[in-house]
Amino acid sequence: MNIPINDEQNHLLVPTPIGLYCPEGDFYIDPMRKVDRALITHGHADHARPGHNHVLATPETLTIMAARYGERHAQHTQAIDLGTTIKHHGVDITFFPAGHILGSAQIRVHNKMQTTVVSGDYKRRHDPTCVAFEPVSCDIFITEATFALPVFTHPDDGIELQRLLKRMCQEPNQTVLLGCYALGKAQRIVMRLRALGYDQPIGLHGAMQKLFDVYAAMGCALGSVMPITRDTDISPGMLILCPPSALHDRWSRRFEPALRVMASGWMTVRARARQRHAELGLRISDHADWPELLQTIDEVKAEEIWITHGREDALMHACSLNNQKARPLRMIGYDDDEETVEQ
Ligand SMILES: [Zn+2]
Ligand SMILES: [Zn+2]
């Protein structure tokens, strides 16, 4: 945290070592440690942690947290639908869609003096698993900056998945192991593949099954997906989704010879693809790319942009060109690396 404390008194939200804190409402947003009152933007592990006393989140995020941590992940939970406002100690709290994963939300905190929006994680492009991001005008916009460099311009995910399908047609008998986040990315890829006409059963690493069940129960059309256990017969050319960490572990050896594919925004960087030993890298991300970040800071019309987890220098410069004050929050604990966080 490199924010001077002296001008924080008037702010609705202040950065603390535990996370963003609202003194007036006495709550934290996405806190790193157990707190009395937590507002949670979405279910990824670096934002949603178990053990809080009160949790306020969208119904989908609460369901995801219960699936991952058990029903007793918090003493008390309260669901809030997107677009509805609750009043708490003189502060208005409204959740808006963030377009990141199922149930993901931006949180607007508002009083008579100020409106602040915490984006959590977000993206602007179409994702069939969640409601599209909605720009919300505010005084202070707190943005993620995972891919905040001009080199990160993610192509359309349909184009990337067509590359995969083409490769599968060329080598129809090779098993394909696709490494991707178990929460959000995997379900989005399956829905997009279905929309592109791929109708074969898709295999799932055991770590993915529970979250697929959650998405299916929430109405996502995922087609035929099946857990791959020791006894499962793998048909030639089967596509199997697994967490990135499983691409090269013992589990993956039984599928040799397999084509290893990785889906991540980091696949833009060749060295990262090599690190993953992925023969095919798909540039598919659940985070805003550089043009989406620029579009968003422009649309929210905020006087100030606060930047969390990421490479802030380029975005700070872009804000100044846009006549917006910008400051890095450098909050520890939010892992901006899509590949290393176990999701
Ligand atoms: Zn996230
Ligand atoms: Zn994050």
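Proline 257 sits in the loop between α5 (250-253) and β16 (258-263), where helices (H or I, at least four residues) and strands (E, at least two) are DSSP runs numbered from the N terminus. The peptide bond that leads from glutamate 256 into proline 257 is cis, with omega near -10°. Most residues other than glycine have a negative phi, and most peptide bonds are trans.

A word on what you are looking at: this is a predicted model, in which local features need pLDDT of at least 70 and side-chain atom pairs count only at pLDDT 80 or more, while totals for chains, interfaces and linings use all residues. Residues are numbered from 1 along each chain as its sequence is written, and chains are lettered from A and ligands numbered from 1 in the order in which they are written.

Lysine 301, in the loop between α7 (290-299) and β18 (304-310), is not a glycine, yet has a positive phi of about 55°. Asparagine 323 also has a positive phi, near 60°, and is found in the loop between α8 (313-321) and β19 (325-328). How exposed are lysine 301 and asparagine 323? Counting C-beta atoms placed from the backbone, a residue is buried if 20 or more others lie within 10 Å of its own, exposed if 12 or fewer, and partly exposed in between. Lysine 301 has 14 such neighbours, so it counts as partly exposed; asparagine 323 has 7, so it counts as exposed.

Now turn to helix α4 (residues 209-217), whose buried residues are Leu211, Phe212, Val214 and Tyr215. Seen down the axis of α4, these residues fall within an arc of 155°, so they line one face of the helix; the arc is that of the directions from the helix axis to the C-beta atoms. An α-helix has 3.6 residues a turn, so residues three or four places apart point the same way. The partners of the buried residues of α4 are α1 (59-69), α3 (185-195), β13 (202-204) and β14 (225-227). After α4 comes glycine 219, with a positive phi near 95°.

Stepping back, the protein chain is assigned domain 1 (14-151 + 287-328) and domain 2 (157-282), with bounds from an automatic or database domain assignment. Taken over C-alpha atoms, the domain centres are 29 Å apart. Their contact takes 14 residues from domain 1 and 15 residues from domain 2, two residues being in contact if their C-beta atoms, placed from the backbone, lie within 7 Å.
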